[in-house]
Amino acid sequence: MKGPDHALWSRISVPDTVRLAASCLSKGEKYNLDRERGPVVFVVSTTGDGEPPDTALKFVKKIKNKSLPCAHYSHLHYALLALGDTNYANFCNCGKTIDSRLQELGAKHFYATGHADDGTGLEIVVDPWIEGLWEALKKTFARMSASGQEGTTQGEVTKKSIQQDAQIQEKPDSSAISLSLLKLTDVETQKGKAETSVSESKSTEIHGAPLEASLIRSVPPLSGSSLNVPALPPSYLDVCLEDSPAEEESAHHVVKEGFYEVAVSGAAHLTRDDAVKSAILLELDIADQDMPYQPGDAFDVLCPNRASEVEELLRRLGLKDQRSQSVSLQLRKDTKKKGAQVPSYIPQKCSLEYLLTWCLEIRSTPKKAFVRALVDWTQDSREKRRLQELCSREGSADYNRFVRDTNLCLLDLLQAFKSCSPPLSLVIEHIPKLLPRAYSAASSSLHHPGKVHFVFSVVDFPACAEHPERTGLCTGWLMHHVSAILRPYGKTASAEKTADCPALPKINVRPRVSNTFHLPSDPSAPIVMVGPGTGVAPFIGFLQQRYQEREEKQDGVFGETWLFFGCRHKDRDFIFREELERFVENGTLNHLKVSFSREEPDGNEPRYVQHQLLLHAKIMVHVLFKENGYFYVCGDAKNMAKDVNDTLIEMIAKELQLDKLESMKMVAKLREEKRYLQDIWSG
């Protein structure tokens, strides 16, 4: 069990009366659903285009076996929590697949299935689902006990423990669940409560004018409510800072995680200075590296945290003078955290500065569990109360509004809550690993031997009440890192190098091979590509590859190519315009359809790529279902990919005279046949 499934499982507080065994779905030797008589709880995430994660593939394949009888799991009682993200198509598809198949095989729910959405906040569904789980289990055990069907294997509960559980006095929010009822009287004295209540009532008004809620201030009714605050996550790390010199660190990530240090041999602005978003093209020299790739593959880029932010975090944690000391991590002997491990991504004996620069995602948004842990390291009573509100069930709206939606990070919280001083161990326990950022290859190795191109737009986070203005961690770093060789828009690269040319900057990258997002193995199959903005990047690689293939096999049969591209302004951010027009001229690209969303309307010109698709609905449906064409989408998941998916359903329904449900089934079939492929991202 790993990833979001494992993180959620670690939050579940198991009552002492229940003996429970947790297993990863991939560890089939540790459980046997064919014989299981006790209740079973599944926690399942979804990856890719609605596909099962690697750890669930074997299990899904097993239960999909058509030879299984319809009553195969008639003995099984289960609950299922599905994890997904509505920014992507096929929300919670793996969980839904397992759920529906278990039902077909006779299994029965003992508790309603939950569908948690990471797009809005997993905890919105997860917290109440976990809270209700234990009550449902209690009833299930009681029912099984009454009928003599006591659980065996994983879910076993003895008669004695059932009787003890039944004798638990009924009270709001039993301590047997991970959410407990925490009033101010639980953490403050009655005097402190009275003082806080008076100060809060005063703080909601200034000269009679009501104040609005903010990150550091709540307003009624939340400010006067009793709170259901999550249980305190158990600590599990002992951290020691030693004066001994830190071990060699520079190559740790590169060697251990398969990265290559390569030179950036070229960098150019693809957009004008007055474009809303700037797009930059990088060329990497990989001639000396063993990094084969295909168009459609991506490359991971490893970037550090900002030096200024690391410096400020060290100061705020009171560790500025210990930056060069080596960090030693060990598991606490008294930890109650199940399955606790020392983070493998932190090298032993690295320096504190290195740890905060290269190992931890210090820009990550603190989860509610982290906010809850910070409560106990906050001195000011009003700040303590506000942190309790933000991590509580009652304060979910405020948490989403002021923490999640504003992309707040730990440093922002510490700047706002001055009396909060967490220890380093808490920071390491709750801040996730610093992950590399993936960028689609915008080139073909046939067209550019020994090189790989990729494109990125610099992400901007405007200043707000919660944090200062900043750029995206990797995109901002890349732009600054290549600034010495970055060519202005419209300026061609110079073939000559002079003595004062700057040294080429280097970055750490590794290939991320795609299993599906490639050109069809049959070159005669037509392809439809939808890629507005920088989403066009992989299709540049597709077209370069197709151009080279046509040159090498001039008598070959190649399917038609369609590209639907969109940007804001024709003259400001139409990236790769000249190259695309050349592909049209030489016949590599048969149909180029471009939309400009911010240009002055000229008649009924389409503004977005989905509008262009609608204009060509008849031929698109023909290409996909009569000519067995392929449909590729690359770009923003939150808006564009959803709109394109909805448009595809609408087109099929209209052209084939189907209702929406049947049209959705046709789209699902395209996905199953790997002819509807997406390379999409959120944010």
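Thr357 is in contact (heavy atoms within 4.5 Å) with Pro304, Asn305, Val310 and Leu434, leaving aside its neighbours within four places in sequence. Thr357 lies in helix α10, residues 352–359. Helices here are DSSP runs of H or I with at least four residues, strands are runs of E with at least two, and both are numbered from the N terminus. The relative accessible area of Thr357 is 16%, so this residue is buried. Buried means under 20% relative accessible area, exposed means over 50%, and partly exposed lies in between, with a 1.4 Å probe and protein chains only.

This is a predicted model: local features need pLDDT of at least 70, side-chain atom pairs count only at pLDDT 80 or more, and totals for chains, interfaces and linings use all residues. Residues are numbered from 1 along each chain as its sequence is written, and side-chain values use heavy atoms, with hydrogens and water left out.

**The whole protein**

- The protein has 22 helices and 24 strands.
- Of its 683 residues, 49% are buried.
- Take the contacts between residues at least 6 apart in sequence: 77% of them join residues at least 24 apart.
- The accessible surface comes to about 33,600 Å², and carbon and sulfur atoms account for 50% of that. Accessible areas come from the Shrake-Rupley method with a 1.4 Å probe; for residues, only the protein chains shown count as cover.

**The cavity**

- Rolling a probe the size of a water molecule over the atoms shows where empty space is left.
- A cavity is a set of points, on a 1 Å grid over the protein atoms alone, where a 1.4 Å probe fits but cannot get out; lining residues have an atom within 4 Å of a point.
- Grid points are joined across faces, edges and corners, and a volume is the space filled by probe spheres set on the points.
- The count comes to one cavity of 30 Å³ or more.
- The largest cavity has a volume of about 40 Å³.
- Its lining is made up of Glu309, Leu313, Ile362, Cys409, Leu410 and Leu411.
- By type, the lining of the largest cavity holds five nonpolar residues, no polar ones and one charged. Ala, Val, Leu, Ile, Met, Phe, Trp, Tyr, Cys and Pro count as nonpolar, Asp, Glu, Lys and Arg as charged, and the others, Gly among them, as polar.

**Cysteines**

- A disulfide is a covalent bond between the sulfur atoms of two cysteines. The cut-off used here is a pair of cysteine sulfur atoms within 2.5 Å.
- A search of the whole structure finds zero disulfides.
- Cys303 is in no disulfide, and the nearest cysteine sulfur, that of Cys474, is 3.9 Å away.
- Cys303 counts as buried because its relative accessibility is 1%.
- Cys464 has a relative accessible area of 33%, so this cysteine is partly exposed.

**Backbone features**

- A cis peptide bond joins Pro220 and Pro221, with omega at about 5 degrees. Pro221 is found in the loop between β7 (209–210) and β8 (227–230).
- Cys92 is not a glycine, yet its phi is positive, at about 55 degrees. The loop between β2 (77–84) and α3 (93–104) holds Cys92. With a relative accessible area of 1%, Cys92 is buried.
- Phe576 is not a glycine either, and has a positive phi of about 60 degrees. Phe576 sits in the loop between β21 (561–567) and α18 (577–585). Its relative accessibility is 10%, so Phe576 counts as buried.

**Pairs apart in sequence**

- Trp377 has its place in the loop between α11 (368–375) and α12 (381–391). At 38% relative accessibility, Trp377 counts as partly exposed.
- Trp377 and Pro422 are 45 residues apart in sequence, and their C-alpha atoms are 5.4 Å apart in space.
- Beyond its neighbours within four places in sequence, Trp377 is in contact with Ser419, Cys420, Ser421, Pro422, Pro423 and Leu426.
- Glu650 lies in helix α21, residues 637–656. Glu650 counts as partly exposed, at 45% relative accessibility. Its C-alpha atom is separated by 7.6 Å from that of Ser663, 13 residues apart along the chain.
- Asp290 lies in the loop between β11 (279–285) and β12 (298–302). Asp290 counts as exposed because its relative accessibility is 62%. The C-alpha atoms of Asp290 and Gly450 are separated by 9.9 Å, with the two residues 160 apart along the chain.

Definitions and conventions: On a 1 Å grid over the protein atoms alone, a cavity is a set of points where a 1.4 Å probe fits but cannot get out, and a pocket is an open set with protein on both sides within 12 Å along at least five of seven lines; lining residues have an atom within 4 Å of a point.
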